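Please find below my notes on the model you sent.

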Amino acid sequence: MGMFRSLFRKQEPSSKGTNGRVDLPHKGTEVQNRSQYDVYEARNRKSALEALRLVEVKEPLSYVIVETPEGNLGRDLVSIFDEASGATVELVKRTPLPRKRVSPTHCANCGYFVLPAKSDQPWLRVAAPSPLDIQTNIPVDHMSFFSTEDMTVKGLGFYCPSCATAWCSSCATLRGSDAICGICSGIMSIHTGSSS
Ligand SMILES: [Zn+2]
Ligand SMILES: [Zn+2]
């Protein structure tokens, strides 16, 4: 067995968009419709969950999947999810970078890609427990309230026009109804991707 193992060594997992190692047997990497799936296997759901908590997926269209006899779990930019139903198992914690990095597309604090918001998203009109006025970029008839919880679930965030920096909604600092840039203290707008 040892000989075969060395002769037919599997391709190393791709590190595109992921941070940290999954300490489980790697089954392979699949690419489908521009999405990339790094597939591992685990004895059970509990080990899958533990492993998925330790790997960070910072890019969109990048997924880590762990197959188990009790069903498959996956991790993407925002959550750990049940692969069959797509249901969220838990939201993921974002580890701050050792030092802030200015970027128009990725959060300065954690390095996660900030998904651009679309102005026609219905959630923009929903009043929520911690309302925040929408600053700019959004058509007036859609101006209402949104909650940073909603934004976090959807992978959205803010953009500082003064220093061209993106912030994810979990890392952004809120002051009253404003989201404040942690680089230049400027007032940020919703990140729509149009200014970056
Ligand atoms: Zn962040
Ligand atoms: Zn700024």
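1. Cys 181 is buried because 22 other C-beta atoms lie within 10 Å; a residue counts as buried with 20 or more other C-beta atoms within 10 Å of its own, exposed with 12 or fewer, and partly exposed in between, the C-beta atoms being placed from the backbone. This is a predicted model, in which local features need pLDDT of at least 70 and side-chain atom pairs count only at pLDDT 80 or more, whereas totals for chains, interfaces and linings use all residues. Residues are numbered from 1 along each chain as its sequence is written, and chains are lettered from A and ligands numbered from 1 in the order in which they are written.

2. Cys 181 sits in the loop between β14 (178-180) and β15 (189-190), where strands are DSSP runs of E with at least two residues and helices are runs of H or I with at least four, numbered from the N terminus. Leaving out residues up to four places away in sequence, Cys 181 touches Cys 160, Ser 162, Cys 163, Thr 165, Trp 167, Gly 186 and Met 188, contact meaning C-beta atoms, placed from the backbone, within 7 Å. The C-alpha atoms of Cys 181 and Cys 160 are 6.1 Å apart, although 21 residues separate the two along the chain.

3. β15 belongs to an open sheet of 3 strands, ordered β12-β11-β15 with antiparallel pairing; two strands pair if DSSP finds at least two bridges between them. The edge strands, β12 (165-168) and β15, each pair on one side only. β11 (residues 157-160) pairs with β15 over 2 bridges, and Phe 158 has Ile 190 as its bridge partner in β15.

Terms used
Contact = placed C-beta atoms within 7 Å.
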